[in-house]
Amino acid sequence: MTRPLRNGALFLLCLAACKKGDKVPAYIDLSAFSVATDPLSEGSDRSNIPQAWSYVNDDPLGVWEALARVPVLRSGTVQMKFIAGVERNGVSTDLVQYPFYRTWIGNVELTPGTHTPVHPIFQYQPDLNFWIADFEDPAIPFTFDVASDTVMIQWDSSLHPDDVEPGEGDAAAFFLDTDHPRMKAICFETADLEGTGTTWLEMDYRSDHRMVVGLYYRLNGVVVDEPFLFIAPTALSGGGMPWKKIHIDLSPFTNNLLASDRKFYIAGELGAGETNANFWIDNVKLVRP
């Protein structure tokens, strides 16, 4: 798919057009993109939408970052549309339209030379299927591989407020050391990965060591353990360990017609010479039509 022009190039073209026609653009001042959810059925509203495909009266404006100032050669009431973009598998160069968010549509009044703030708030498509682990219940919805030396535990936000996401309640955590160098948590059977179709896994996380999201499945009668994605730690060189959200596209896995008994897992393992590692996760969502 050919992408629309990105911000800088589009802005220069717009300026050139403005000079040629002596036109003055109106400006859309974008806020950060956010998501509104039904917390009971759709889980947390925490989001990570760095850019969005943008349209005015169905004409493309390009792909714009959150907090961008978008020049528009229109005036009066126009219809704006924004389609949320996410970084597939956490790769910044692989921006895709997230299939499970609705297009945001709103009417905006534009005046040449003035700035109009616009705050697109995305919502999930209707009639989706969610499997959610928010870790508010002490019973962790994962089983643990026999090779695990430790387990994932609920991390109480009232006891450890600095470790959890503000406003997100409890999380889950696991810790590795030389006596407990590996952990592999396998999703419950209720996380339905059978059948085919578009499937994404959303997850909030923070760590000082890389984490693995992997896949178990049966192929021609043989159980396969496939490390699917290695997730880089969030720890900063100058200190601090922020939370991040990742969107993982499991569609190639669920659309493999030969695979059965599918499960995903979350794992960590110390490498040679490493002595400890710390992991927290929250708001794990498996989303399917």
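R182 is partly exposed, with 31% relative accessible area (buried is under 20%, exposed over 50%, partly exposed in between; 1.4 Å probe, protein chains only). This is a predicted model: local features need pLDDT of at least 70, side-chain atom pairs count only at pLDDT 80 or more, and totals for chains, interfaces and linings use all residues. Numbering starts from 1 along each chain as its sequence is written, and side-chain values use heavy atoms, leaving out hydrogens and water.

**Salt bridges**

- The count comes to 15 salt bridges (a side-chain nitrogen of Lys or Arg within 4 Å of a carboxyl oxygen of Asp or Glu).
- R182 pairs with D149, the closest N and O atoms being 3.0 Å apart.
- D149 sits in the loop between β12 and β13, R182 in strand β15, 33 residues apart (strands are DSSP E runs of at least two residues, numbered from the N terminus).
- D149 is partly exposed at 30%.
- K81 bridges to D58 at 2.7 Å between the closest N and O atoms.
- K81 belongs to strand β6, and D58 to the loop between β3 and β4.
- D58 is partly exposed at 48%.
- A network of salt bridges links R46, E165, E202, D204 and K245.

**Sheet β5-β1-β9**

- Three strands form an open sheet in this order, with mixed pairing (two strands pair if DSSP finds at least two bridges between them).
- β5 and β9 are at the edges with a single partner strand each, so one side of each lacks a neighbour in the sheet.
- Four bridges join β1 to β5, which run antiparallel.
- A26 is opposite V72 in β5.
- D29 and R69 meet in a salt bridge (3.3 Å, N to O).
- D29 lies in β1 and R69 in β5, so the pair ties together parts 40 residues apart in sequence.
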